[in-house]
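Here is a walk through one protein, written to be read with the model open beside you.

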Amino acid sequence: AIALGLFDYLRKSSSRGFVVSLSGGADSAAVATLVALMVQFSEQDIGAVELAARLRLNLSNCKLADPADSKAVVKQVTHELLWCVYQTTRNSTDVTHSAAESVADGLGAMFCTIDVDSLVTDYTQKVSDILGRTLQWETDDLALQNIQARVRAPSVWMLANVRGALLLATSNRSEAAVGYTTMDGDTCGGLAPIAGIDKAFLRHWLKWMETTGPQGLCPVSELQQINAQQPTAELRPVGENQTDESDLMPYEVLDSIERLAIRDKMMPREILEVLVTDSVVVSRRADRRPVIEWIKRFFTLWSRNQWKRERFAPSFHVDDENLDPKTWCRFPILSGGFRRELEQLK
């Protein structure tokens, strides 16, 4: 469904392809994979000539040895339409760079690397000069994380502008629920293809794409490098071994709380009674105390970050659980944040 949506959006917006900031993590890999599937599905359904006509592509520019070779068409059109950019700082690792490059190569995308560390240093120094002190991780953790995500935006926006392409945001629904995303950073883009998809599902889907894939299409074995990692923002110093779940909570638990709270409109106490008997929670050997902390964290972050959801790029609705406030799930930008209910949680 999302591959079809991408094709239709590309056609109607008259854009000349997509740009993806490929981090070497699950979300951006999923977005890039969906673009590649868009090309493969459309070539299967309508053929190379019609694909080129509808997307205003000049196949002669793709330097095809044999236009009748469907695999060659898919590979070259994907390379023309999908540009992936890995943006590195001192906190990036060879693991994610290798994973990003491998996935881009496996999909047939164009891949490049931009080192943005000097930009991070420059902004950090300018703010340090204003404050009259050096910014430190011990006191300025969030600001130092966010600046790394934000300096990655201008270059990919510029690349998209120059190419007349559409920049795709890579945030998912789990991140939207708790605001675990940097505004003007990884939320940048004109379209957010996976903003309606939860992280737990995405991880299962990527493993399926690695080993099986859609009927009639080849799996993407290069995704193994993505699936072997623990999801991480990779914004803190490498030695801290930052992971998404250590920052938040287990993704399966987060997604369960989101469904119970937003879809089913349960209050914190009701959710607690459900989760303490939930098989996912029990399998993680969690007693009542961490479950209470996870629920408190979810409701606090949910309430605090409605303003971020207001600013997400348009997304696709693929089920009845979308969090898009413009078209589906409306919540006050400012609220009491369930304080009374959370204080009573024991």
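How many helices and how many strands does the protein have? There are 17 helices and four strands. Please keep in mind that this is a predicted model.

**Overall build**

Let's begin with the whole chain. The C-alpha trace spans about 70 × 50 × 35 Å along its principal axes. For 346 residues, a compact globule would have a radius of gyration near 20 Å, and the protein has 21 Å, so the two agree. Buried residues account for 52% of the 346 residues. The contacts also tell us about the fold: among those between residues at least 6 apart in sequence, 71% join residues at least 24 apart.

**The sheet**

In what order do the four strands of the open sheet stand? The order is β3-β2-β1-β4, and the pairing is parallel. Strands β3 (110–115) and β4 (166–168) stand at the edges. Each of these two has a single partner strand, so one side of each is left without a neighbour in the sheet. From one strand to the next, the twist averages 25°.

The table lists the pairs found here.

| Strand pair | Sense | Bridges |
|---|---|---|
| β1 and β4 | parallel | three bridges |
| β1 and β2 | parallel | four bridges |
| β2 and β3 | parallel | six bridges |

Strand β1 covers residues 18–21. Val20 has Leu168 as its bridge partner in β4, and Val20 also stands opposite Cys84 in β2. Val19 stands opposite Leu167 in β4. Moving over to β3, you will find Asp115 opposite Thr88.

Is β2 largely enclosed or left open by the rest of the structure? Six of the seven residues of β2 are buried, so this strand is largely enclosed by the rest of the structure. The cut-off behind that reasoning is that buried means under 20% relative accessible area. Helix α4 (residues 94–107) lies across β2 (82–88) and β3, and α4 runs at about 155° to β3.

**Two helices that cross**

Two packed helices are described by the angle between their axes and the distance between the axes. Which values describe helix α2 (residues 26–54) and helix α3 (residues 70–81)? Their axes come within 10 Å and cross at roughly 120°. The crossing of α2 and α3 is right-handed.

By class, the contact of α2 with α3 has nine nonpolar, three polar and one charged residues.

**A tryptophan in α16**

Next, find Trp307 in helix α16 (residues 306–310). Is Trp307 buried or partly exposed? Its relative accessibility is 36%, so Trp307 counts as partly exposed. Leaving aside neighbours within four places in sequence, Trp307 is in contact with Met183 and Ile333. Trp307 and Ile333 are 26 residues apart in sequence, while their C-alpha atoms are 5.5 Å apart in space.

**Two loop residues with positive phi**

Two loop residues deserve a look at the backbone. Asp184 is not a glycine, yet it has a positive phi of about 65°. Asp184 sits in the loop between α8 (173–178) and α9 (199–211). With a relative accessible area of 39%, Asp184 is partly exposed.

Where is Phe338 placed? Phe338 lies in the loop between α16 and α17 (339–343). Phe338 has a positive phi of about 60° although it is not a glycine.

Methods:
Residues numbered from 1 in each chain as written. Predicted model: local features only at pLDDT ≥ 70, side-chain atom pairs only at ≥ 80, totals over all residues. Heavy atoms only, no water. Axes fitted to C-alpha atoms, helices over the stretch in contact; angles between N-to-C directions. Left-handed = near helix turned anticlockwise from the far one by under 90°. Nonpolar A, V, L, I, M, F, W, Y, C, P; charged D, E, K, R; others polar. Pairing = 2+ DSSP bridges. Contact = heavy atoms within 4.5 Å. Rg over C-alpha atoms; globule rule 2.2 N^0.38 Å. Buried < 20%, exposed > 50% of the residue type's maximum accessible area, 1.4 Å probe, protein only.
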